[in-house]
Amino acid sequence: MLQISSCIPDRQDFHLNFSRVRCREEPTMPGLLLGDEFPNFEADTTIGRIKFHDFLGSSWGVLFSHPRDFTPVCTTELACAAQISNEFTKRGVKMIALSIDSVEDHHSWIKDVMAVSSEADSTMPFPIIADDKRQLSVQLGMLDPDEKDKDGLPLTARCVFVIGPDKKLKLSILYPATTGRNFNELLRVIDSLQLTAQKKVATPVDWKPGDKVMVIPSLSDSEAAALFPNGVTTKEVPSGKKYLRYTKV
């Protein structure tokens, strides 16, 4: 797995360093793969300096990146995330954002974010990482080469990383800078991840909590019957194969 601890000494050298990284070391797959241990980075944030694994503790975590402070799509995303942060808390998930500006800029931007969220008098319910040198963005493979700032430097894409209590990457979603995320979908995915971490099931298309789930193929019919007292139903298909097995948990 590619890990770049590298050095990006200052903004004027970034063009050269970034092109060298892409030419010499860019992997054919993302730097972080599902099941990898998430880097225990240190970073300055709006709540002070953190070490990521210590910040998470024994919780689930979600890290989501933003191209830049004081930009329209990012502001609507953070406002939505702030509005529904209690839903993440209910699920035992710690939230943390990242943007490629300074802590000082973040604190100023937060005032706009909370006003847009209709909670102007409230504090931001989660921290924002200051990645103004783009070191984390490079290390985690979050830069979008097609979207650049006024200086011609690549912006971060809209990445989402969900990390389990074991500090391993459970899910990653990558959006371009021009497309805002759906945080209700992120909650749905977290519900699925947490359920399937505990039960030998999978969640079908458009699944929501309370819907039927699917028995994983590695379980025999007798094992499924023993594990799922609510019963297992099988959908008939033309192939005659009995692989569409549903149950309630």
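## Close-up views of loops, cores and ring pairs

**View 1. Asp-206 sits in the loop between β10 (201-202) and β11 (213-215).** Helices (H or I, at least four residues) and strands (E, at least two) are DSSP runs, numbered from the N terminus. This is a predicted model, with local features needing pLDDT of at least 70 and side-chain atom pairs pLDDT 80 or more, while totals for chains, interfaces and linings use all residues. Residues are numbered from 1 along each chain as its sequence is written, and side-chain values use heavy atoms, with hydrogens and water left out. Asp-206 isn't a glycine, yet its phi is positive, near 60°. With 59% relative accessible area, Asp-206 counts as exposed (exposed is over 50%, buried under 20%, partly exposed in between; 1.4 Å probe, protein chains only).

**View 2. Arg-134 is another residue with a positive phi, here about 65°.** Arg-134 isn't a glycine either. For context, most residues other than glycine have a negative phi. Look for Arg-134 in the loop between β5 and α6. Its relative accessibility is 1%, so Arg-134 counts as buried.

**View 3. The largest nonpolar core brings together 30 residues.** Such a core is a set of buried Ala, Val, Leu, Ile, Met, Phe, Trp, Tyr and Cys residues joined through side-chain atoms within 4.5 Å. Val-62, Phe-64, Leu-78, Phe-88, Met-124, Phe-126 and Val-162 have the most contacts inside this core. Two or more residues each come from β3 (60-66), α3 (72-83), β4 (93-99), α5 (103-116), β8 (158-163), β9 (169-175) and α7 (183-198). Helix α7 gives the largest share, 6 residues. Apart from this core lies another, with 20 residues, including Phe-38, Phe-55, Leu-63 and Ile-129.

**View 4. Zooming in on Leu-78, we see what this residue touches.** Leaving out residues up to four places away in sequence, the partners of Leu-78 are Phe-64, His-66, Ala-97, Trp-109, Val-113, Met-124, Phe-126 and Ile-128. A contact here means heavy atoms within 4.5 Å.

**View 5. Phe-38 and Phe-52 make a tilted aromatic pair.** Their ring centres are 5.4 Å apart, with 50° between the planes. Phe-38 is in the loop between α1 (11-25) and β1, and Phe-52 is in helix α2 (residues 52-56), so the pair ties together parts 14 residues apart in sequence. Phe-38 is buried at 0% relative accessibility, and Phe-52 is buried with 0% as well. Ring pairs link Phe-38, Phe-41, Phe-52, Phe-55 and Phe-161 into a cluster. Rings of Phe, Tyr and Trp (its six-membered ring) pair if their centres lie within 6.5 Å; planes under 30 degrees apart are stacked, over 60 edge-to-face, the rest tilted. A search of the whole structure turns up 6 aromatic pairs.

**View 6. Phe-64 and Phe-183 pair edge-to-face.** The centres of these two rings are 5.5 Å apart and the planes are at 80°. Phe-64 belongs to strand β3 and Phe-183 to helix α7, so to speak distant parts of the chain, 119 residues apart. Phe-64 is buried, at 1% relative accessible area, and Phe-183 is buried too, at 3%.

**View 7. Trp-60 is in strand β3.** With a relative accessible area of 12%, Trp-60 is buried. Setting aside residues up to four places away in sequence, Trp-60 touches Gly-92, Val-93, Lys-94, Val-162, Ile-163, Gly-164, Pro-165, Lys-170, Leu-193, Gln-194 and Ala-197. The C-alpha atoms of Trp-60 and Met-95 are 8.9 Å apart, although the two residues are 35 residues apart along the chain.
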